[in-house]
Amino acid sequence: MSEEFEKPVKRRFIAGAVCPRCSAMDRIVNYKLGDKNYRECVACGFKDEIRLQASPRELDTRVNQTEDREVEETAVKILLPPDSTANKK
């Protein structure tokens, strides 16, 4: 595909974002060129590359741990209810 017929870049406004240069609110657009993300102010022309952080890892819980843990076994004593016919006289 030649450079003349490149697909237009899809730009999205970031709601509530404030421009670091001119302090205009709701004037920042986000777009991607190649493998890099950019933000740009449509009011003053400020342009910056956005460096996205890696997603945080999942917290370790009993459910998602795969370690073999020792399970302690305990004896359970089963109590039977008192006989209801023995109390009647």
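This is a short tour of a predicted model, stop by stop.

**Before you start**

Residues are numbered from 1 along each chain as its sequence is written. In this predicted model, local features need pLDDT of at least 70, side-chain atom pairs count only at pLDDT 80 or more, and totals for chains, interfaces and linings use all residues, while side-chain values use heavy atoms, without hydrogens and water.

**Whole protein**

Show everything as a cartoon. You have zero helices and four strands. Helices (H or I, at least four residues) and strands (E, at least two) are DSSP runs, numbered from the N terminus. Along the sequence the pattern reads β-β-β-β.

Accessible areas come from the Shrake-Rupley method with a 1.4 Å probe; for residues, only the protein chains shown count as cover. Of the 89 residues, 12% are buried. Buried means under 20% relative accessible area, exposed means over 50%, and partly exposed lies in between (1.4 Å probe, protein chains only).

**Stop 1: the hairpin**

Select residues 36-41, strand β3, and residues 47-50, strand β4. They pair in the antiparallel sense over four bridges. Two strands pair if DSSP finds at least two bridges between them. Pick Glu40: it stands opposite Lys47 in β4. Then go to the five residues between the strands. Gly45 takes a positive phi near 90° in this hairpin.

**Stop 2: Asn37**

Stay in strand β3 and select Asn37. Is Asn37 buried or exposed? Asn37 is buried, with a relative accessible area of 18%. Leave aside neighbours within four places in sequence. Asn37 is then in contact (heavy atoms within 4.5 Å) with Asn30, Tyr31, Lys32, Asp48, Glu49, Ile50 and Leu52.

**Stop 3: Val9**

Move to the segment before β1 (12-13) and select Val9. Val9 is partly exposed, at 35% relative accessibility. What does Val9 touch, not counting residues up to four places away in sequence? Its partners are Tyr31, Lys32 and Leu33. Draw a C-alpha to C-alpha line from Val9 to Leu33: they are 24 residues apart in sequence and 7.4 Å apart in space. Across the protein, among contacts between residues at least 6 apart, 10% join residues at least 24 apart.

**Stop 4: a surface patch**

Finish in the segment after β4 with Ile78. Ile78 is exposed, at 70% relative accessibility. Together with Ile78 they form a nonpolar surface patch of about 410 Å² accessible area.

Patches are made of residues with over 30% relative accessible area and no salt bridge: like charges are joined within 9 Å, nonpolar side chains (Val, Leu, Ile, Met, Phe, Trp, Tyr) within 5 Å. A salt bridge is a side-chain nitrogen of Lys or Arg within 4 Å of a carboxyl oxygen of Asp or Glu.
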